[in-house]
Amino acid sequence: MQIRDGIHWVGVLDRDLRVFDVIMKAENGTSYNSYLVQGKEKTALIESVKRPFFSEHAERISSLMELPALDYVVLNHTEPDHSSSLPLLLEKAPKARVVTSKPAESFVKNILNMDIDIMTMGEGDTIDLGGKELRFIPAPFLHWPDTMFTYVPQDRVLFPCDFLGCHFSDDRLFDDLAEDFSHAFQYYFNHIMRPFKKNVLEGIDKIKDLPIEVFAPSHGPILRTNPWQYVEKYGTWSRQPTKDPDRKRLLVFYVGPYGNTGLLAQAIARGAQEEGISVGLFDLLGTDFGDALDQIEAADGIAMGSATINGDAIKLAWDLLSSLGTIRVKGKLGAAFGSFGWSGEAPKLLAERMKNLGFKLPQEPLRVRLVPSEGDLAQSRQFGKDLARAMKAQ
Ligand code: FEO
């Protein structure tokens, strides 16, 4: 599929993939996009593909050129979905030089366990292909430390690696021809780029003055229709939610079968409110996690409550905590609480997990046996007050 004169998509579609990297849904499969850039003198391949798809990839390249004549293989990022077939490729194209960012050099060697002579590129470095130039733009943590973008100024095409990509398989390839992939585009951002919002904004800053007309990412449709709309979406999603600088905000989440942990949550929330901070109270049964993540990102602390069932916290509490890996929580305050019948492990387990995630917990977990008494509720209220005070002191 031609993108510009001398620039072709030679990637592969993985239509049957349903889970990517063990944790990501891929309801529409994915594509491992690879592009052949043919100058008057030299030819470069941008990205390799996942190893099981190598034959198809090689066939597609061979429809445009003799593989042994390939001069460069540019890996914008070395995760195996883009690099695992490299050894097979180099067998067929032995004179091709592998081109990466500087941080990628060791990754290539450790991922492939082979000694390759790599050409590393830094900011503004270029390779002349004859009438077409590859210009390299380091874009660290989008989403690995090794990520870089490759730009062809003559054609105004940017190859931004996973940035602006999505898991979506459609053989019509271009955004204006493919089925609606907006859900996959946002899902990909949320799961891959969201932890690196600062880097996303830095990446946008690096390309914002380039007259790019086509973004050709490493997964999903090629973006050529009003292509900057996609960059704007990344910008919007990456700007931090507005925080009130004058008022701290605590979110209290809870889950339990008989309402007892909910009573503790209400008392904690009330105590915190009495200290003049802003408080949000959420029953995890019915909480939208996407919205909760946005709110947690903008909050100064969270209190997490769960009843104990079979010696453990309830799954919804674990689900919320395990989804926090995609946002920055380091330095926020945390607290754990819960009602229990006889063993009461949940608050301690939640507290431990929160510490490991980077929360600071100024108090021991609050545990109350079965139905909270007036005294228990007063203690919970005090627990909320103390947490709010610690937040205000930060
Ligand atoms: Fe598509 Fe991060 O590899």
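## Residue classes and basis

In the classes used here, Ala, Val, Leu, Ile, Met, Phe, Trp, Tyr, Cys and Pro count as nonpolar, Asp, Glu, Lys and Arg as charged, and the others, Gly among them, as polar. The structure is a predicted model.

## Pockets

The largest pocket has a volume of about 360 Å³. Its lining consists of 14 residues, and Asn190, His191, Ser322, Ser323 and Thr326 are those that lie nearest the centre. Helix H5 (182–193) and helix H9 (289–298) each contribute at least two residues to this lining. Sorted by class, the lining of the largest pocket holds five nonpolar, seven polar and two charged residues.

At least two lining residues come from each of helix H8 (260–274), strand S20 (308–309) and strand S22 (333–340). Seven residues of this lining are nonpolar and eleven are polar, and no charged residue takes part.

## Cavities

Across the whole structure, a search finds two cavities of 30 Å³ or more. The largest cavity has a volume of about 100 Å³. Its lining is made up of Met24, Lys25, Ala26, Glu27, Asn28, His167, His183, Ala184, Tyr187 and Tyr188. By class, the lining of the largest cavity comprises five nonpolar, three polar and two charged residues.

The second largest cavity contains about 40 Å³ of space. Leu13, Ser31, Asn33, Phe168, Asp170, Leu173, Phe174, Ala178, Gly220 and Pro221 form its lining. Six of these residues are nonpolar, three are polar and one is charged.

Five strands make up an open sheet with mixed pairing, in the order S12-S13-S14-S15-S16. Strand S12 (126–128) and strand S16 (214–215) are at the edges and have a single partner strand each, so one side of each is left without a neighbour in the sheet.

Within the sheet, strand S14 (residues 148–152) and strand S15 (residues 157–159) run antiparallel and are joined by three bridges. Tyr151 has Leu158 in S15 as its bridge partner. Helix H6 (residues 197–207) lies across strand S13 (133–138), S14, S15 and S16, and runs at about 145° to S13.

Conventions:
Residues numbered from 1 in each chain as written. Predicted model: local features only at pLDDT ≥ 70, side-chain atom pairs only at ≥ 80, totals over all residues. Heavy atoms only, no water. 1 Å grid on protein atoms, 1.4 Å probe; cavity = no way out; pocket = protein on both sides within 12 Å on 5 of 7 lines; lining within 4 Å. Points joined across faces, edges and corners; volume = space filled by probe spheres on them. Helix = DSSP H or I, 4+ residues; strand = E, 2+ residues; numbered from the N terminus. Pairing = 2+ DSSP bridges. Contact = heavy atoms within 4.5 Å. Axes fitted to C-alpha atoms, helices over the stretch in contact; angles between N-to-C directions.
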